[in-house]
Amino acid sequence: MKFRRIHLQNWRNFIDADIIDIGDRLFITGPNACGKSNLLDAFRFLRDIAKTGGGFQQALQDRGGLSKVRCLAARRYPDVRIEVELSTGANGDLSNWRYALSFRQQNSGKRRMLLSEEKVWRNNKIILSRPDAQDKLDELRLTQTHLEQINANQQFRPIADEFQKIVYLHL
């Protein structure tokens, strides 16, 4: 499986960034403090959500909370959003996947991070769209992604498996 696109909104120093047509290799260059590590951290964040012992809340906590992840220049827009597109051609099965995750801080005094959206598409057909009716009945469900739950991600487990393979080596 290969990453083909990443779209970030309000992620660290990116108000809105869209990197399309990611090939087999991606070289990221630029001066100090321009966002290279922040871009790569979006991939690591997805890995941290999907990995065993990780999860959405832990991934945010490891980064110092929402205030350290959310772009300071985007105060009017409370949601942070990461969307990735992946494709695979394994065993003659050409599949295109898309995963989108948006989150924000809970409005009440609880200071929890809640999902405002989690969506998964396979070949442009939506297979998961949250929040759903069950989420509306129990808001606590929005503190976890379906990506991190093996009992909920069966239809799109290849995405979770791919995210778990992400390795970041800082030289």
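Reply: In this predicted model, the place to begin is the crossing of helix H1 with helix H5, where H1 passes H5 in a left-handed sense. Two packed helices are described by the angle between their axes and the distance between the axes. Here the axes of H1, which covers residues 36-50, and H5, which covers residues 157-164, come within 8 Å and cross at roughly 115°. If you look for the residues that meet at this crossing, you will find Leu46, Arg47 and Ala50 on the H1 side, facing Ala160, Phe163 and Gln164 on the H5 side. Sorted by class, this contact is made of four nonpolar residues, one polar residue and one charged residue.

Both helices also lie across strands of a sheet, and H1 lies across S1, S2, S3 and S4, running at about 105° to S1. H5, for its part, lies across S1, S3, S4 and S5, and its direction is at about 75° to S4.

The sheet itself is open and has six strands, which follow the order S2-S1-S3-S4-S5-S6 with antiparallel pairing. Its edges are formed by S2 (14-19) and S6 (125-130), each of which pairs on one side only, while the twist from one strand to the next averages 10°. Within this sheet, S1 (residues 2-11) and S3 (residues 80-88) are joined over seven bridges in the antiparallel sense, and Ile6 stands opposite Val84 in S3.

Key
Residues are numbered from 1 along each chain as its sequence is written. This is a predicted model: local features need pLDDT of at least 70, side-chain atom pairs count only at pLDDT 80 or more; totals for chains, interfaces and linings use all residues. Side-chain values use heavy atoms; hydrogens and water are left out. Axes are lines fitted to C-alpha atoms, for helices over the stretch in contact, and angles run from 0 to 180 degrees between N-to-C directions. Helices (H or I, at least four residues) and strands (E, at least two) are DSSP runs, numbered from the N terminus. A crossing is left-handed if the near helix is turned anticlockwise from the far one by less than a right angle, and right-handed if clockwise. Contact means heavy atoms within 4.5 Å. Ala, Val, Leu, Ile, Met, Phe, Trp, Tyr, Cys and Pro count as nonpolar, Asp, Glu, Lys and Arg as charged, and the others, Gly among them, as polar. Two strands pair if DSSP finds at least two bridges between them.
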